[in-house]
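Trainee: Could you walk me through how to read a model with two chains? I'd like to start with one chain and then look at the contact.

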Amino acid sequence: MVREFPEAFEDHEVGAAIAATRFGYGARPQELLQIGNQPREWLLSQMISDPLPEALKSLPDSKDLLSDMLAARQKGRSSMRVYRQEARKRALNEAATHLAVSLNSPTPFIERLVRFWTNHFTVSMVKPAVMPLVAAFEREAIRPNIFNSFYTMLHAVVSHPAMLIYLDNVNSLGPNSVAGRGRKNPLNDRLARQLLEHFTLGEGSGYTQLDVRALAHMLTGWTVGVNNPATRGEFAFRDSWHEGNFKEFLRRTFPSAGVLEGEAALDHLARSAATGKNLSHKMAQAFVVDEPDPGLASGIFAGFVVGGGRADGMARGLVEAPESWVSEQRKVKSPTDLVLSVLRSLDVRSRSGRRILNAIRMLGQPPYQAPTPDGWPYSSLSWITPELLLERVEWCAEIAGITRPPDGKSVPDLALDVLGPLLKPATHRRLRVARDEVEALALLYASPEFQRR
Amino acid sequence: MTAHTPYIPNRRTVLAGAAAATVIAAQGVKFSVAATPGNKRLVVVLLRGGLDGLALFPPFGDSDYSKMRAGLALPRANTDGGVLDLDGSFGLHPAAEDLLAFWSAGELVIAPAAVTDYRGGSHFAAQDALETGSAGGGSKTGWLNRAVGALGSATGKGVTVSDDVPLILRGPGNASAATPPPRPYRNPGFFRQVQLLYGDDTLFSSMIVQGERDRQRTTDTVTAEDVQSGRGADRAQFLPIAAAMAGKLLASDDGPRVAVLEADGWDTHWDQGAMDGRLARSFSGLASGLSVLASALGPAWKETVVVVASEFGRTVKPNAHGGTDHGFATSAMMLGGAVAGGKIVGQWPGLSDGKLDKTGGIASGFDTRSLFKTALFHHMGINGNTVATTVLPGTASAPGIPGLIR
C-alpha cells in the first residue's frame, strides 16, 4: 500500500532532509528517521569521528609510493614504463576505494568536508607525475586536518610531495641561491601564485605581483628528497636552492630564515581575515548556494576566526548559520553528489568503488582528475548544461533499469523516505502514476528535488 | 547497438493549429494524428512492404495449407507450440498471441483475403492505392484526409504540407507539423515524463528542451546510417512505442481523434522464418503494439476502431531463399472496443494451385476498402453520400458492413 503524501511536515523533518542532502551525500532509506529532530546535532556529532576511516589506513603512504617511483626511474626507461602502467591502475583503484568509503560512511558530513578541502587544494591526476599520489595526498594532508587549525592543513598541503610536484615547486631555485645562480629562469612561482590566488587570500584581495614573487622566493628549496635516504620520497628543504636575504611580503619584512620563512608566510596567510573570507565564501558556495548571502559567509567566517583560523570552526559555523537551512534547494548536485546519493537511496554499499568511479567519470567529473589547479567549479550551471542534463537523465534511467528499491518498497514511498519534505507533491503524484517501477525510479532520480541539494 | 527509438515531442507542437501532424519517424515506425470533433476514434495501421497474411492467420483448415506452404507451414492448431485456433479453420501465429484477447472479447474482425483495386507488384503504387482509396483515380490526396475534412477539422486550416505526413492523411487544408527526430533512448515516453516533471523548474526545463534540440542533429545522422545499413528489418518490434504515444494522445479529452501508425519491414523476400524469426518478431511487435494501444486508450477504447492493412500479400509458396515474393490478397483486420467482432469476413478463395492469383498469391476474397467504409460510415458517422462521393468515390463494389460496429 503506497503511503499518501503527508498533509504537513514537522519542522524537524525539513531539517533532517536538509542535513542529509545538503550536508551529506543524501539519505539512506532509514536515515531521516535516525536523524530525527536533531539535524544540527547529527552533523556536529560527526565531527568527533576520525576523518581517516580504517578502510583507508592500510593503503600505502606517499613515501612508499614515491620510493617505488624513484626506484623504477633509476632502473631505466622500460622499468619506468611498466611502473607507470601499474601506478595508473593502482591510483584508480585507490580513488575508487576512497569513493566507496564516502558511500559507506556513517559520517557523510565528514566525507563532504573532505571532498570540499581536497577540491580546494586540488592535486590532479591530469599531471602524470602525481598520479600515484593524489589519493595519498587526501589521506595524509587533508583528512587528518579537516578539524584542525587551517594553518596545520595548509602546511601539510604545501609541504606534501604531491603538491610540490603538481605545482612545480620541486624544481624552483632561488635566482641568487648557490644552485640557481647563473641559471636561466630558475624560479617557478606557480605554487606561490596558486597559494595567494586560490588557497588563501583570494584573487583581488590586494596582493601584488611582488608579493607573489616574494612568496615564491620564500618557498624555494621546498622540494622532495631523492638521494638522501632520510628524506627519500618525503618533504625536503634544500638550503642551497633557497633564495637568501630578507623578503618584503604583504607589507611586512620577513628576515632570511631558511625553511622557517615559508612556514612564517603560511602562518601569516592562514590567520589573515582575507583568507577566512575567501574560504568562507567558497564553503558557502560548495554547500549552500552559488551566490552566498553575506549572512551565511559571515557565519562561517565567525567560526574560522575563533581560535585563530580553524577549519573545524568553519564547519561548525556552516552548520549553525540559519541561512544554511533554508528549505529551497539552491544547488545542483555535482556528478559525485548525484551518483553517491542515488546509491545511498538504494541502500547500496560498495567495496571496490570501481563502478561508482566509472559512473561519476561518465557524468563528467572524473574523480581526482580536475582539469586545472582551481579544481571542480562550484557553480550549478557548470553541471547542468543541456548535454550534461540529458546524460544525467539517461544515466538515471539506466540505473533505474538495473536495480530495484530496497526492501520491496514502492518508489513513491522510497522518495518520501529519502527526500522527506523536499519532495514536491506533484512529483510524488507522477511517481505514483508512472507506467512501471523502472520509470518511476528513473523519474525520482531525474527529478529536480533529487538533482538539487 | 542501442535501439534508436522515437520519442514524443511537446504536445503543443503536435496539436496547435495543425489538423494533421506526423509525430515520430524512427526505425521505420511512425505515427501521425489529426484532430476532428467528437469522441469517436479511428486508427489506421499501415503495414508497409506487403504482409504475409498466411503466416499471421494460417488457414490450417484448408487441406492445401501444409503442402503449399511447405517449409513455412506451422504445426496444426491445438498441438503444442502450434497455431492458435480461432474458429476451427483459421488460426493465429503464436507470436501474435496478444491478438487472441481481442478475438475472445469479440473485438476483432479478420479479412483473410483482402485487396484493394490495385493489380500489380509495385509497393509504391499499391500503397498509393491503399492510401488514396483507388488505384486508377490518380488522386493526390489521402482518403483519411478527406474523411477528416468531412468530419470538420477541429482547428483552422493551414497551408503547408510536410513530406513526413503519410499520403493517407495528406491533402489541401490540412497543415502539418514537422517531426522531431528520434533519440537514442529505450523508452521515449520517459522523456515526456521528464519534461512534465521539470515543468516548474526553469533551469531544468529549459536545459532539457535545449538538450533534446541539440541531440537531434546527432541522432539524425545515426538513424540515417541505420536505415542505410538495413538494420531493423523487423521494425514492427518498435510499434508498441508508437502505439503507446498515439494511444495517450487519442485518449486525452482535447487530443486528436484520428491516427495513422506505420510500420515498415514486411517485405519478406528472404528468411522470413516460420515459428520463429524475423516475421515472428514483427508479428509479436504488431500484436503487442495493438494491445498497448488499447490499454493506452483506456475507456476511450470503447469508442475506437482500428483498421490494419497492407498494400498486398505474398506468394503462397516459399521462394528459394526461405521467403515469399509479392503476391496478391493478404489479411486485413478491424479491431476495437467499438467493433462487433469475433468474425471472419469475405470469401476464402482457397490455396490449391488452380485457385491462386496469377502472382502465386491468394486470390481476392474481399475489398479492403469495405473496412474503411465501415469505419467511416458506421463508426465515425460520416454521411453515407459523402463517403461514396468524396471520401472513397468509385468503390460501390466495396460497401460498408453494418454488423461490424457495435
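Mentor: Happy to! Begin with burial: of the 406 residues in chain B, 59% are buried. Keep in mind that this is a predicted model.

Trainee: How many helices and strands does chain B have?

Mentor: Chain B has 12 helices and 11 strands. Among its contacts with a separation of 6 or more, 75% link residues 24 or more positions apart.

Trainee: Now the interface. How much area do chain A and chain B bury between them?

Mentor: The size of an interface is often given as the accessible area lost when the parts come together. Here chain A and chain B bury about 2200 Å², and 68% of that lies on carbon and sulfur atoms. On the chain A side, A:Pro386, A:Leu390 and A:Arg430 lose the most area to chain B, together 25% of what that side buries. The contact involves 23 residues of chain A and 22 residues of chain B.

Trainee: Which side chains meet in a salt bridge?

Mentor: The rule finds 1 salt bridge across this interface. It joins B:Asp201 to A:Arg452, at 2.9 Å from N to O. There are also 2 residue pairs in polar contact across the interface.

Trainee: And which helices of chain A supply at least two residues each to the side that touches chain B?

Mentor: Those are H19 (386-401), H21 (425-433), H22 (437-446) and H23 (448-451). H19(A) gives the most, with 8 residues. By class, this side of chain A has 12 nonpolar, 4 polar and 7 charged residues.

Technical notes. Residues numbered from 1 in each chain as written. Chains lettered and ligands numbered in written order. Predicted model: local features only at pLDDT ≥ 70, side-chain atom pairs only at ≥ 80, totals over all residues. Heavy atoms only, no water. Helix = DSSP H or I, 4+ residues; strand = E, 2+ residues; numbered from the N terminus. Buried < 20%, exposed > 50% of the residue type's maximum accessible area, 1.4 Å probe, protein only. Contact = heavy atoms within 4.5 Å. Buried area = accessible area lost by both parts, 1.4 Å probe. Salt bridge = Lys/Arg side-chain N within 4 Å of Asp/Glu carboxyl O. Polar contact = N/O pair within 3.5 Å; in protein donor to acceptor, adjacent residues only side chain to side chain. Nonpolar A, V, L, I, M, F, W, Y, C, P; charged D, E, K, R; others polar.
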